Amino acid sequence: MFTILKMLFMHCIGDYSLQGEFLSSAKRKSFWITNSNEKINYLEHYVILFIHAYIWSFCINIPLFHMLSPDRITISIITNCFIHMIIDNLKANRKAITLLTDQLLHLLQIVITYLLLVVILYIRYILICIY
């Protein structure tokens with residue numbers, strides 16, 4: 001249970017403290033339309049979304065490093081990164097969800113990650129010990 005609290009704490013670090021003002025603004029397509037002097041393809045916001053999502057995903061997985069193998073951590077980071085990108089794009093660019101919905105989806109994402117990776121690991125361990 002303490003692990004999920006650490007993951008939630010790391011969510012706050014990754015989604016707020018490490019995002020900063022530039023990443024927060026630059027992940028919006030409108031930022032690039034307004035601030036670019038050159039003709040660009042307006043895909044830059046996806047690169048910024050990826051950078052932010054990767055930082056966040058790495059952060060929430062830090063409490064799991066000592067529990068899981070590197071390959072499971074890698075899969076978790078990549079999966080959570082792309083899910084985070086989709087959720088943030090819905091909020092920042094499509095305006096399809098509110099900040100509250102965004103945060104609730106991220107919390108749900110953390111709980112599901114915890115359940116899939118940690119709880120299943122413990123159940124497997126218990127079954128191995130029984131048999």
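1. The model is predicted. The lining of the largest pocket comprises 14 residues, and T79, N80, I112, T113 and L116 are the ones that lie nearest its centre. Two elements give two or more residues to this lining, namely α5 (70-92) and α6 (99-130). Sorted by class, the lining has 8 nonpolar residues, 5 polar residues and 1 charged residue.

2. As to the overall architecture, the protein has 6 helices and 0 strands. Read from the N terminus, its elements follow the order α-α-α-α-α-α. The C-alpha trace spans about 65 × 30 × 25 Å along its principal axes.

3. The packing of α4 on α5 may be considered next. Helix α4 covers residues 44-61, and its axis lies 8 Å from that of α5, at an angle of about 130 degrees. The two helices are therefore oblique to each other, since an angle counts as roughly antiparallel if it is over 145 degrees. The crossing of α4 past α5 is right-handed. On the α4 side, the contact is made by H45, Y46, L49, F50, H52, A53, Y54, W56, S57, F58, I60 and N61. On the α5 side, I73, S76, I77, N80, C81, F82, H84, M85, D88 and N89 take part. By class, the residues of this contact divide into 13 nonpolar, 8 polar and 1 charged. N80 of α5 belongs to this contact and is also one of the residues nearest the centre of the largest pocket.

4. The passage of α1 across α4 is a right-handed crossing. From α1 the contact draws on M7, M10, H11, G14 and D15, and from α4 on H52, W56, C59 and I60. These residues comprise 5 nonpolar, 3 polar and 1 charged.

5. Helix α4 also packs with α6, at an angle of about 45 degrees and with the axes 11 Å apart. That angle makes α4 oblique to α6. The crossing of these helices is right-handed. Which residues make the contact of α4 with α6? From α4 they are W56, I60 and N61, and from α6 they are H106, Q109, I110 and L117. This group divides into 4 nonpolar and 3 polar residues, with no charged residue.

6. W56 and I60 take part in the contact with α5, in the contact with α1 and in the contact with α6. H52 contributes to the contact with α5 and to the contact with α1, whereas N61 contributes to the contact with α5 and to the contact with α6.

Definitions and conventions. Residues are numbered from 1 along each chain as its sequence is written. This is a predicted model: local features need pLDDT of at least 70, side-chain atom pairs count only at pLDDT 80 or more; totals for chains, interfaces and linings use all residues. Side-chain values use heavy atoms; hydrogens and water are left out. On a 1 Å grid over the protein atoms alone, a cavity is a set of points where a 1.4 Å probe fits but cannot get out, and a pocket is an open set with protein on both sides within 12 Å along at least five of seven lines; lining residues have an atom within 4 Å of a point. Helices (H or I, at least four residues) and strands (E, at least two) are DSSP runs, numbered from the N terminus. Ala, Val, Leu, Ile, Met, Phe, Trp, Tyr, Cys and Pro count as nonpolar, Asp, Glu, Lys and Arg as charged, and the others, Gly among them, as polar. Axes are lines fitted to C-alpha atoms, for helices over the stretch in contact, and angles run from 0 to 180 degrees between N-to-C directions. Angles under 35 degrees count as roughly parallel, over 145 as roughly antiparallel, 65 to 115 as roughly perpendicular and the rest as oblique. A crossing is left-handed if the near helix is turned anticlockwise from the far one by less than a right angle, and right-handed if clockwise. Contact means heavy atoms within 4.5 Å.
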